[in-house]
Amino acid sequence: MTVETKKETYLNYVNGAWVASTSGETKPSLNPANTKDVIGYVQMSTKEETDQAVAHAKVAQKAWKKLSGNDRGTFLYKAADVLESRLDEIAECMTREMGKTLPEAKGETARGIAILRYYAGEGLRKVGDVIPSTDSKALMFTSRVPLGVVGVITPWNFPVAIPIWKMAPALIYGNSIVIKPAQEAAITLAKVIECFEEAGFPAGVVNMVTGSGSVIGQALTDNPDVNGITFTGSNGVGKGIGQGCLARGAKYQLEMGGKNPVIVAADADIDLAVDSTISGAFRSTGQKCTATSRVIVEAAVYETFKEKLLAKTAEITVGDGLESGIWMGPSASESQLNTVLHYIEKGKEEGATLLAGGNRLTGEGYDNGFFVEPTIFENVTSDMTIAQEEIFGPVIALIQVNSLENALTIANDVEFGLSASIFTSNIQSMLSFVEDMEAGLVRINSESAGVELQAPFGGMKQSSSHSREQGEAAKEFFTSIKTVFVK
Ligand code: NDP
């Protein structure tokens, strides 16, 4: 690797320096709202460069873990301050790079800052328990120790929040990291890494290598010096990473897809249910793992709910997320747009009725981007592809039911179990939902999307490897328990 000045091509950050890949290969990062706008170039780095980054991280971790939690926290607080000072610039980069609207991008960046501060504070919280020994002359306690080097593999849909909710806990508990961001959002992450650089983290503690998942992600999965991998992304890729880690005895944490239902009971506040459904399904162009994709409505209120939903959907302004007044941006990439259009066709083929949207948007302001209309299907049955597979786009499947019991059966009739919500005013319905809904996040009278940084987050069934991220729960993954017996 040779050291270069960082220009339009965003370099790797390894051992405290920005370095060019020997591959010489780069890919342009294009604005999905206007592909004539090139944000910069992302390097397609090599396996060898990933292994070098891991080697530096391994050396750096030895000194990093010796610092007090308080001292490690100081670096996180500084990174939060730098990120805060660059919030507008980084949010704008995010909007240009992956399309979510500027207010959403600002909100996400603010979330990243709050997560850094939360985990900075973790450096002063307890890392063990005293357990009474059967030997009255002995002291027995537990302590938490870092894993070592953690590989961080992230998707493009939350380019700031997801990397930070993995990096911050990894670092505060004494691990070093090598992060491989999704290609579609690597420039936004490079800017976040610049904040870590400015915060003065010791060389080698934070490293970033960009490139293809099948090269860089695979290299992290296979490297015996990577002690744990934390991954968010699709199920297929996640399972491969899990198998690779299991084969060599490394720890892994996988957060994957969702097919999140909303149940609207006959006694629901319909206006609230409509607003929350719109927000859950269409914000971020439906590209949240917790996005609402199935809306299961009791027959008594079905028509009212449907009419109000259609009226509100018609008000949605779609366009370049940098422009004020735009509510929904484009799909993040051409392949994502094609996936959404494929599922819309599938819905039609399988007999669902298209009520709204269903098309790629064309014409002035749209032709150079990957815009799709907010889309609603009705007459959807639970066995249809659009009711079973994750679309990751602004598509709602309306399913009518004649009882809440039936609604819950359908809500659970998918392989995923990430998030779910119900709208009802009946306490018994709320409690049944909490008890019987197979999801890691259940929300009542609130949209399916949305997590709080201080609470555990993760899915059931095929949505996760059953570990939890965020809040105090992150400690479970990023540390090992050591039981100490002193006599
Ligand atoms: P992918 O699984 O395609 O990619 C995720 C990351 O894995 C990318 O950095 C990708 O690199 C990398 N990768 C690809 N192939 C490999 C490989 N063989 N080995 C190691 N790493 C690899 O997901 P998307 O980026 O498309 O993200 C969308 C998905 O993420 C959706 O399914 C969504 O549900 C899920 N998601 C889940 C969340 C959760 O918390 N449960 C939250 C947000 C999203 P590359 O740059 O080459 O693509």
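User: Two strands pair if DSSP finds at least two bridges between them. With that in mind, how many bridges join strand E5 to strand E6?
Analyst: A word first: this is a predicted model. Strand E5 covers residues 26-31 and strand E6 covers residues 34-43, and the two run antiparallel. They form a hairpin with two residues between them. The number of bridges that join E5 to E6 is six.

User: Which residue of E6 is the bridge partner of Asn31?
Analyst: Let's walk along the hairpin that E5 and E6 form. Leu30 stands opposite Val38 in E6. For Asn31, the bridge partner in E6 is Asn34.

User: Which strands stand at the edges of the open sheet, and why is one side of each left without a neighbour?
Analyst: Three strands make up this open sheet, in the order E2-E6-E5, with mixed pairing. A strand at the edge has a single partner strand, so one side of it has no neighbour in the sheet. The edge strands are E2 (9-10) and E5.

User: Now to the ligand: which polar side-chain atom lies 2.6 Å from one of its oxygen atoms?
Analyst: Several residues place polar atoms by ligand oxygens. Gln183 has a polar side-chain atom 2.8 Å from one, while Gly233 has a polar backbone atom at 3.4 Å. The side-chain atom at 2.6 Å belongs to Ser234.

User: How much of the ligand's accessible area does the protein cover?
Analyst: The ligand takes up the space of the largest pocket. On its own, the ligand has 910 Å² of accessible area. Of that, the protein covers 87%.

User: Which element gives the most residues to the shell around the ligand?
Analyst: The elements that give two or more residues are helix H7 (213-222), strand E11 (228-232) and helix H8 (235-248). With four residues, the one that gives the most is H7.

User: How many of the shell residues are charged?
Analyst: There are 29 residues around the ligand, and Gly213, Ser234, Met256, Cys289 and Glu390 come nearest. The shell divides into 14 nonpolar and 12 polar residues, and the number of charged ones is three.

Notes
Residues numbered from 1 in each chain as written. Predicted model: local features only at pLDDT ≥ 70, side-chain atom pairs only at ≥ 80, totals over all residues. Heavy atoms only, no water. Near = heavy atom within 4 Å. Polar contact = N/O pair within 3.5 Å; in protein donor to acceptor, adjacent residues only side chain to side chain. Areas by Shrake-Rupley, 256 points an atom, 1.4 Å probe, with all protein chains shown as cover. 1 Å grid on protein atoms, 1.4 Å probe; cavity = no way out; pocket = protein on both sides within 12 Å on 5 of 7 lines; lining within 4 Å. Sits in = over half its atoms within 2 Å of the grid points. Nonpolar A, V, L, I, M, F, W, Y, C, P; charged D, E, K, R; others polar.
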